[in-house]
Amino acid sequence: MELTKKQLEYMLTCLNFHYSESDHKEFYLEINSSIARLINHEIKQFDELQNKIDKKRAKQPKPEWE
């Protein structure tokens, strides 16, 4: 399944809200934290890719008319 960075960030927000509103935190702690780690890993990959793109874009010559 392919999700955008915005969708992943929203899922992380939902996980955190679900945990904070739960009366059974110990039951959800392990599963929520493992899902959150996976989501954070995916977000980090998005950020790393964007940084690579930005660096390559910065190396390109600027047009004279700008």
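Biologist: What covers the buried residues of α1?

Modeller: This is a predicted model. In it, the cover over the buried residues of α1 includes α2, which spans residues 25–59. The buried residues in question are Leu8, Leu12 and Leu15.

Biologist: What makes these buried residues of α1 line one face of the helix?

Modeller: Viewed down the axis of α1, the buried residues fall within an arc of 60 degrees, so they line one face. In general, an α-helix has 3.6 residues a turn, so residues three or four places apart point the same way.

Biologist: Which exposed residues does the face of α1 turned away from the buried side carry?

Modeller: That face carries Lys6, Tyr10, Phe17 and Glu21, which are exposed.

Biologist: How does the reach of α1 compare with the span expected at 1.5 Å a residue?

Modeller: Helix α1, residues 5–21, has 17 residues. From its first C-alpha to its last it reaches 24 Å, close to the expected 24 Å.

Biologist: Why are α1 and α2 called roughly antiparallel?

Modeller: Their axes cross at roughly 160 degrees. Angles over 145 degrees count as roughly antiparallel, and α1 and α2 are therefore described in that way. The two axes come within 10 Å, and the crossing is left-handed.

Biologist: Which residues of α1 meet α2?

Modeller: Among them are Lys5, Leu8, Leu12, Leu15, His18 and Tyr19. The residues they meet in α2 include Asn32, Ile35, Ile39, Ile43, Phe46 and Asp47.

Biologist: Why is Asn32 called buried?

Modeller: The relative accessible area of Asn32 is 10%. Buried means under 20%, so Asn32 is classed as buried. Asn32 is placed in helix α2. Leaving aside neighbours within four places in sequence, Asn32 is in contact with Leu15, His18 and Tyr19.

Biologist: Why does Lys5 count as partly exposed?

Modeller: Lys5, in helix α1, has a relative accessibility of 29%. Partly exposed covers the values between the 20% limit for buried and the 50% limit for exposed, so Lys5 counts as partly exposed. Apart from neighbours within four places in sequence, Lys5 is in contact with Ile43, Phe46 and Asp47. Lys5 and Lys44 are 39 residues apart in sequence, and their C-alpha atoms are 9.3 Å apart in space.

Biologist: How do you know that Leu38 is exposed?

Modeller: Exposed means over 50% relative accessible area. Leu38 has 60%, so it is classed as exposed. Leu38 lies in helix α2; from Leu38 to Ser22 the separation is 16 residues in sequence and 21 Å in space, C-alpha to C-alpha.

Biologist: What makes Arg57 exposed?

Modeller: Arg57 has a relative accessible area of 52%. The cut-off for exposed is over 50%, and Arg57 is therefore exposed. Arg57 also belongs to helix α2. Between Arg57 and Leu3 there are 24 Å in space, C-alpha to C-alpha, and the two are 54 residues apart in sequence.

Methods. Residues are numbered from 1 along each chain as its sequence is written. This is a predicted model: local features need pLDDT of at least 70, side-chain atom pairs count only at pLDDT 80 or more; totals for chains, interfaces and linings use all residues. Side-chain values use heavy atoms; hydrogens and water are left out. Helices (H or I, at least four residues) and strands (E, at least two) are DSSP runs, numbered from the N terminus. The expected span of a helix is 1.5 Å times one less than its number of residues. Buried means under 20% relative accessible area, exposed over 50%, partly exposed in between (1.4 Å probe, protein chains only). The arc is that of the directions from the helix axis to the C-beta atoms. Contact means heavy atoms within 4.5 Å. Axes are lines fitted to C-alpha atoms, for helices over the stretch in contact, and angles run from 0 to 180 degrees between N-to-C directions. Angles under 35 degrees count as roughly parallel, over 145 as roughly antiparallel, 65 to 115 as roughly perpendicular and the rest as oblique. A crossing is left-handed if the near helix is turned anticlockwise from the far one by less than a right angle, and right-handed if clockwise.
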